[in-house]
Amino acid sequence: MWCIGVVLTVLAGMPPDGVAQLEKVEALLPVLQRLAVDPELVRAVKAQNARGASLTSIRAEDDAWLATPALTAAKQRVLESAGARVLARHRASLGRRVAEIFAMDRRGALVGATRRTSDYWQGDEDKFRVPFNEGRVLKEKPFFDESSQAYVIQVSLPVRDGRQVIGAITVGLSLLDL
């Protein structure tokens, strides 16, 4: 009986063909896993990790990010970074199915993004903690994303350099476009 409750909870607020959409998400996982080990993305994450930014400076950057919805120089740097270019290439190849992609370093700070995120530091969120600390894929519950005006499911994966987890990515998949 609990299984029915879980299914109903997951499908609440989803398009009528929600189960079929979730199956399409599962089918995309191998593509997303290849994205997470793209050598150019791995280089971008490693380069940011090597800068050794402190958590204090990352949180200060996050405070500044949250202080204004405007496109600041810091936000522009994230959107134009080497990591962002790699993510944009993958987003283009996946088409409208992808609402957004962003990559995080070992502390959860953004390395690159295909669109502005609500915050710079993701380190306090499961979308970073689960793939980075546990080395596994996290599929969050589907929701209606106001900024993209789409039903999405966020899938987060570890970014690996060989066997070592060095960061994470989150891919927002548009359920209506799968």
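Analyst: Happy to. Keep in mind that this is a predicted model. Let's begin with a single side chain: Tyr120 has a relative accessible area of 12%, and because buried means under 20%, Tyr120 counts as buried.

User: Which ring does Tyr120 pair with, and how is that pair arranged?

Analyst: With a ring pair you look at the distance between centres and the angle between planes. Here the partner is Trp65: the ring centres are 5.5 Å apart and the planes meet at 35°, so the pair is tilted. The two residues come from distant parts of the chain, with Trp65 in helix α4 and Tyr120 in the loop between β2 and α7 (126-134), 55 residues apart. Trp65 is buried too, at 4% relative accessibility.

User: How many aromatic pairs does the structure hold?

Analyst: There are 3 aromatic pairs. Another one to look at joins Phe144 and Tyr151, whose ring centres are 5.3 Å apart with planes at 70°, so this pair is edge-to-face. Phe144 is partly exposed at 36% relative accessibility, and Tyr151 is partly exposed as well, at 25%.

User: Now the empty spaces. How do you find those?

Analyst: Rolling a probe the size of a water molecule over the atoms shows where empty space is left. In this model, the largest pocket has a volume of about 370 Å³.

User: What lines the largest pocket, and which residues lie nearest its centre?

Analyst: It has 19 lining residues, and Tyr120 turns up again: nearest the centre are Gln48, Arg51, Val78, Leu110 and Tyr120. Several elements give at least two residues each to this lining, namely α3 (39-51), α4 (55-67), α5 (73-80), α6 (82-94) and β2 (110-113). The largest share, 4 residues, is from α3. Sorted by class, the lining of the largest pocket has 11 nonpolar, 4 polar and 4 charged residues.

User: And what is the make-up of the lining of the second largest pocket?

Analyst: That lining has 3 nonpolar, 6 polar and 7 charged residues. The second largest pocket holds about 260 Å³ of space. It is lined by 16 residues, with Glu100, Thr117, Ser118, Asp145 and Gln154 closest to its centre. The strands β1 (98-104), β4 (143-145) and β5 (150-161) each supply at least two of the lining residues.

User: What about a cavity: what volume does the largest one have?

Analyst: For a cavity, the idea is that the probe fits inside but cannot get out. The structure holds 1 cavity of 30 Å³ or more, and the largest cavity has a volume of about 40 Å³. Its lining includes Gln48, Asn49, Ile58 and Asp105. By class, that lining divides into 2 nonpolar, 3 polar and 3 charged residues.

User: Last topic, the core. Which residues have the most contacts inside the largest nonpolar core?

Analyst: A nonpolar core is built from buried residues joined through their side chains. The largest one here has 27 residues, and Leu32, Leu41, Ile169 and Leu173 have the most contacts inside it. Elements giving two or more residues to this core are α2 (18-36), α3, α6, β1, β5 and β6 (164-174), and α2 gives the most, with 6 residues.

User: What does Leu173 touch?

Analyst: Leaving aside residues up to four places away in sequence, its contacts include Val25, Leu28, Leu32, Val98 and Tyr151. There is also a second, separate core of 12 residues, with Ile58, Val78, Ala109 and Trp121 among them.

Terms used
Residues are numbered from 1 along each chain as its sequence is written. This is a predicted model: local features need pLDDT of at least 70, side-chain atom pairs count only at pLDDT 80 or more; totals for chains, interfaces and linings use all residues. Side-chain values use heavy atoms; hydrogens and water are left out. On a 1 Å grid over the protein atoms alone, a cavity is a set of points where a 1.4 Å probe fits but cannot get out, and a pocket is an open set with protein on both sides within 12 Å along at least five of seven lines; lining residues have an atom within 4 Å of a point. Grid points are joined across faces, edges and corners, and a volume is the space filled by probe spheres set on the points. Ala, Val, Leu, Ile, Met, Phe, Trp, Tyr, Cys and Pro count as nonpolar, Asp, Glu, Lys and Arg as charged, and the others, Gly among them, as polar. Rings of Phe, Tyr and Trp (its six-membered ring) pair if their centres lie within 6.5 Å; planes under 30 degrees apart count as stacked, over 60 as edge-to-face and the rest as tilted. Buried means under 20% relative accessible area, exposed over 50%, partly exposed in between (1.4 Å probe, protein chains only). A nonpolar core is a set of buried Ala, Val, Leu, Ile, Met, Phe, Trp, Tyr and Cys residues joined through side-chain atoms within 4.5 Å. Contact means heavy atoms within 4.5 Å.
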